[in-house]
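Let's work through a few exercises together. Keep the sequence and the 3D view open as you go.

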Amino acid sequence: MPKGYNGDEAKVPAYVMLDPLKRDDGSVVTTRAQWGARRAEILRAFEENVFGKTPEAAKKFKPKYAVVEKDAPALDGLALRTQVDIALAKAADAPVMHLLLYLPAKAKGPSPVVLGLNFAGNASVVDDPGIRATELWKPSAKRGELPTRVAFDEKRRGWQTQEWQVRMLLEHGYGLATVYYGDIEPDARDAVQLSVRQFYFAKGQTQTQAKADAWGALGAWAWGLSKAADYLRSLKMVDAKEIAVTGHSRLGKAADWAAAQDERFAAVLSTESGKGGQSLYRREFGETIGHLEGSFPYWFCANYAQWVGKDREIPVDGNLLLALIAPRPLYVASAEGDLWSDPRGEFLSAVDVGRVYALFGKRGLGTDAMPAVNEPVMGDLAYHVRSGKHDVTVFDWEQYVRFLDKEFGSPLSRGAR
Ligand code: GTR
């Protein structure tokens, strides 16, 4: 644990969790019919205080799809590979999102698909010479200087194969779709002029004049996931009702926020999204708002800065973010060695949101005792803390597949595959 942050369970001060079922006027939601109004309040609170609002023009934008390759046989006959360029705004110089999709070659009908942003370029996710190598962003060593575009390093082709487990998904009948997050916005301070966000400011506005609840990078990444889902839903061989969204760490936060806003995402598999994601601000353990805002102010809306040092006062928290995903299938995954994310906080969020799942007749975790390491608990809401560090591992993917099989029904059992 870095100096100045609490990593000692015995030193966590007392705190009171926010109640996802308690409305701002103090009344308590007890029926499904009452949930919609409470849900809207929570969504607004996240827009206003954390992620900012996704501009209406961005929500409405209908991209054109430039299909580069469709259904090319790939991965030793296991998959059909599709690659599509999606310009993210009307302007000729708008950023272009390069989407990579694998569908199981043997599928006779529409397949469920797992969609997630990647950190290191599409060509990093699996060792496939057919994936186009697109440019990445290289951060500048000097503070204040913008990142620059660099060619993908061919030596790094497939170096994230363990983190993505593409073959495992395909073998179980799932498709995998991914986009390099930098296609939407480079992950760098003061780089908004290189982001898609600059195309959606109100006329004549710049980031500095933008409203205090204007979206940040996490908002833009989340929106990119929705635009990718639009494309996936246009395909006959994708089951539009079974698109799950996934992400690790900051991209777990983006996946959570994408599903919170866009209810078309049918399931969420979020790995170590930590503070600002699924763990609890109110639990003083690991990262803080002060750290997030200090290191990554551009991830959030300007209003977020007002909560620095007020982690127990901010009107939202991890359990409320999960409530926006309820009652859809949701997997919360922690790692024992990733104390910065606060595994126990992630678990306690998941326990608490079980009450919202119950409102819909869905099953929460079924326990409020932290499970042993590598022992997943699964209702319609699932949790594990696995051994190891901040990462996405084979173990994580094995549980995700098991969980999706349980929730969607195994694709392999649907007709001849
Ligand atoms: C850290 C940040 C975490 C998490 C992580 C990551 O530096 O403090 O909240 O987002 O980055 O994305 O790997």
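The exercises below come with worked solutions.

This is a predicted model, in which local features need pLDDT of at least 70, side-chain atom pairs count only at pLDDT 80 or more, and totals for chains, interfaces and linings use all residues. Residues are numbered from 1 along each chain as its sequence is written, and side-chain values use heavy atoms, with hydrogens and water left out.

**Exercise 1. Find R282 and decide whether R282 is buried or exposed.**

Step 1: Go to the loop between β9 (267-271) and α7 (289-295), where R282 sits. Helices (H or I, at least four residues) and strands (E, at least two) are DSSP runs, numbered from the N terminus.

Step 2: R282 counts as buried because its relative accessibility is 3%. Buried means under 20% relative accessible area, exposed over 50%, partly exposed in between (1.4 Å probe, protein chains only).

Step 3: List the contacts (heavy atoms within 4.5 Å). Beyond its neighbours within four places in sequence, R282 contacts residues including Y15, M17, D311 and E313.

Step 4: A polar atom of the R282 side chain lies 3.3 Å from the backbone oxygen of V316.

**Exercise 2. Describe the surroundings of the ligand.**

Step 1: Collect the residues around the ligand, among them S249, E287, H291 and W340. A residue belongs here if one of its heavy atoms lies within 4 Å of the molecule.

Step 2: Sort this shell into four nonpolar, three polar and three charged residues. Ala, Val, Leu, Ile, Met, Phe, Trp, Tyr, Cys and Pro count as nonpolar, Asp, Glu, Lys and Arg as charged, and the others, Gly among them, as polar.

Step 3: Look at the ligand's oxygen atoms. One is 2.7 Å from a polar side-chain atom of S249, and an N or O atom in the E287 side chain is 2.4 Å from a ligand oxygen. For W340, the corresponding distance is 3.1 Å.

Step 4: Of the 310 Å² of accessible area that the ligand has on its own, the protein covers 81%. These areas come from the Shrake-Rupley method with a 1.4 Å probe; for residues, only the protein chains shown count as cover.

Conventions
A polar contact is a pair of N or O atoms within 3.5 Å; within protein, one must be able to donate a hydrogen and the other to accept it, and residues adjacent in sequence count only if both atoms are side-chain atoms.
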